[in-house]
Structure formats: structure tokens, C-alpha cells
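Here's a quick tour of a protein model, written for someone just getting started. Have a look at the fold first, and then we'll go through it piece by piece.

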Amino acid sequence: MTNQLARRSQYSVKQLLSADAVKAKFDDVLGKKAPQFTTSLINVVNSNYQLKKVDANSVIASALVAASLDLPVNPSLGYMYIIPYGNTAQPQIGYKGYIQLAQRSGQYKRINALPVYKDEYGGWDPLNEKLTYEAHYKDRGNEKPVGYYGSFELINGFQKNVYWTYQQIDDHRKEFSKSGGKDTPKGVWKEHFNAMALKTVLRNLLTKWGPMTVDMQSADMADSGQYDRLEEERREVQAEESEPSADEIINQALESSQEQQVEKGDDDANQNVQEDLLKDGTITPDTK
């Protein structure tokens, strides 16, 4: 295992993605969209200095989570983020990703989430789940919302509304986000606080009160930092179907690369021996 980890650290994300076994895995999951997805992944890593420094295997594993959910990893789109944490990368779903997964279920009639500012807020009745709200459309600049509202209605008529204060969101960030900082937001929380706040509201709303589809369950587990457990469950299924896991595919790619290097070295050595034996166009036995 130590040797495998040492070998992995020698390879970049781009090198791993060029391995036939890894490409085949993304092709299997994404089909015709695989080349565009992997190109986007390389661009994301190249534009993020911290991602370049983490274990490339963890980036591939995180990307496979995004691929399995068919969510793009470009952070500017807000569907899925690959977050560096220490020496590893972790997948994190954006609020648009949760909306996308909910829409695919075909069970939602309406989904909404928005920041609420001080001049718009008139009170929240948790018993009847009613927000007194008057929209004021203007440029907010760096103004902080006083809270965040989320709601949905299913096709069968079931409705749910929630409201989180700004302080509740920030307390949640401090307690549960490994890379979001403590007293001062860091990382994606610093760059996209409102988007992460809306994601927190929607995730709680959809996973607690909405239909728990397979995709939604997978997203919730991945977002909780349980994607290792998710991968283990997939391995069990893959083992029954005689299919290799993502980890095994990466190891195979590394081993194949090493074998090719060894074979190339043997070929070079044989070529040198043959050149030593050739003199004047004939093979002269070694008489030493």
C-alpha cells in the first residue's frame, strides 16, 4: 500500500486521465460527454494552485463522484466543487447541483431558495412556515443578508418552507465545514458565501423533507465527506459484477505505466547488446 501511494504521488491528474483504464472508467460513466468532462477537470486543476498540490488520486476519485451524478466540476457553474483539504481533495455539491438532482426526479412542482435582506424581512412564523417578505430589487454589493429562505412543492401537493438566519448558517459552517474556516470564512465559503448558504438550506430541505432518490442519497453522502463509504459500497456491487473499483482502475493504470517503462528499458538494453555484437555488418562472437 505504501508503494502504491508513493507511485501515485509521482503522477499528475493529467497523466492519470491519459491512462486507458481511467479514460475507460469515465467513458463508461459519461459516454460521449467524457472528453469534455475530463478536459474541464484538467482546467479546474490547472487554475487552482492548491488542487495541484493534493494527491491526484483523490482528485480523480472526487471527479468520479461528480461524473456518477452527471454534474459539471467547473466551479463557476456552481453545480459541483472539488475542494482541496490538506493533502486530499473532496467533492462538494453546490446548491445548483441539488436543484438539478431534484428536478431529475420528476417529483417537484416548484423549488425556490433566496437570500433575504433586512429591508425585505418582515418576520418568520415557524409554526405555519410563513415568511413575511417584500422584495426590493437593487444592487446589494457586499451587504449581508439577514437570512436565507428555501421552499418546495411536490407534484402530489406536499409543501415545505424553511428559514435560516445568517447566524444559523455561519454556526453551521463553523461546525461542519472542514475547509470553511472558523471565525473567518475560508475557501469556497469566503468566495461564494451566499451560494454555500443557499446550498446548506436546500440540502437540509431536500434531504430531510423531499423524496430521497438514489442520486440525492449519493449526493448527501458525498457532501458529508462519506464518499469513501460510498465508494466502498460501489466496490461491493462491482465485486459481485466482477467490475474493478475506481481505486483498482487507477492502480492498474499505474502498474501498466511502470510495465511499459520496464519493457522500454529492456528493449533499449537489447538494442545496445545487438549493436555491440555487430561489426562491419556481421555478428562477431564475443571471444573474451
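Predicted model: local features only at pLDDT ≥ 70, side-chain atom pairs only at ≥ 80, totals over all residues.

Residues are numbered from 1 along each chain as its sequence is written, and side-chain values use heavy atoms, with hydrogens and water left out.

**The whole protein**

- The protein has 13 helices and nine strands; these are DSSP runs numbered from the N terminus, with helices being H or I of at least four residues and strands being E of at least two.
- Of the 288 residues in the protein, 41% are buried. Here buried means under 20% relative accessible area, exposed means over 50%, and partly exposed is in between (1.4 Å probe, protein chains only).
- Take the contacts with a separation of 6 or more: 60% of them come from residues 24 or more positions apart. A contact means heavy atoms within 4.5 Å.

**The sheet**

- Strands of a sheet pair through backbone hydrogen bonds, either parallel or antiparallel.
- In this model, three strands make an open sheet in the order β3-β6-β7, with antiparallel pairing. Two strands pair if DSSP finds at least two bridges between them.
- The edges are β3 (108–116) and β7 (159–165), and each of them pairs on one side only.
- From one strand to the next, the twist averages 5°. For angles like this, axes are lines fitted to C-alpha atoms (for helices over the stretch in contact), and angles run from 0 to 180 degrees between N-to-C directions.
- β3 and β6 are joined in the antiparallel sense over eight bridges, and Arg110 stands opposite Glu153 in β6.
- β6 and β7 pair over seven bridges, again in the antiparallel sense.
- The hairpin of β6 and β7 has four residues between the strands, and Gly157 there takes a positive phi near 105°.
- What lies across β6 and β7? Helix α8 (residues 166–176) does, running at about 80° to β7.
- β7 is mostly covered, with five of its seven residues buried.

**Aromatic rings**

- How many aromatic pairs does a search of the whole structure find? The count is eight. Rings of Phe, Tyr and Trp (its six-membered ring) pair if their centres lie within 6.5 Å; planes under 30 degrees apart count as stacked, over 60 as edge-to-face and the rest as tilted.
- One of them is Trp124 with Tyr149, an edge-to-face pair at 6.4 Å centre to centre and 70° between the planes. Trp124 is in strand β4 (residues 121–125) and Tyr149 in strand β6 (residues 147–154), so this pair ties together parts that are 25 residues apart in sequence.
- Trp124 is partly exposed at 21% relative accessibility, whereas Tyr149 is buried at 14%.
- Trp189 and Phe193 have ring centres 5.2 Å apart and planes at 65°, so they are edge-to-face too. Both of these residues are buried.
- Ring pairs also link Tyr121, Trp124, Tyr149 and Tyr163 into a cluster.
- The charged end of Lys160 sits over the ring of Trp209, 3.6 Å from its centre. A charge counts as sitting over a ring if NZ of Lys or CZ of Arg is within 6 Å of the ring centre and within 35 degrees of the ring normal.

**Some single residues**

- Thr200 belongs to helix α10 (residues 193–209) and is buried, with a relative accessible area of 7%. Setting aside neighbours within four places in sequence, Thr200 touches Trp164, Ile169, His172 and Trp189.
- Ile99 lies in helix α7 (residues 95–105) and is partly exposed at 22%. Ile99 and Ile111 are 12 residues apart in sequence, and their C-alpha atoms are 7.5 Å apart in space.
- Asp70 is in the loop between α6 (56–68) and β1 (80–85), and its phi is near 55°, a positive value in a residue other than glycine.
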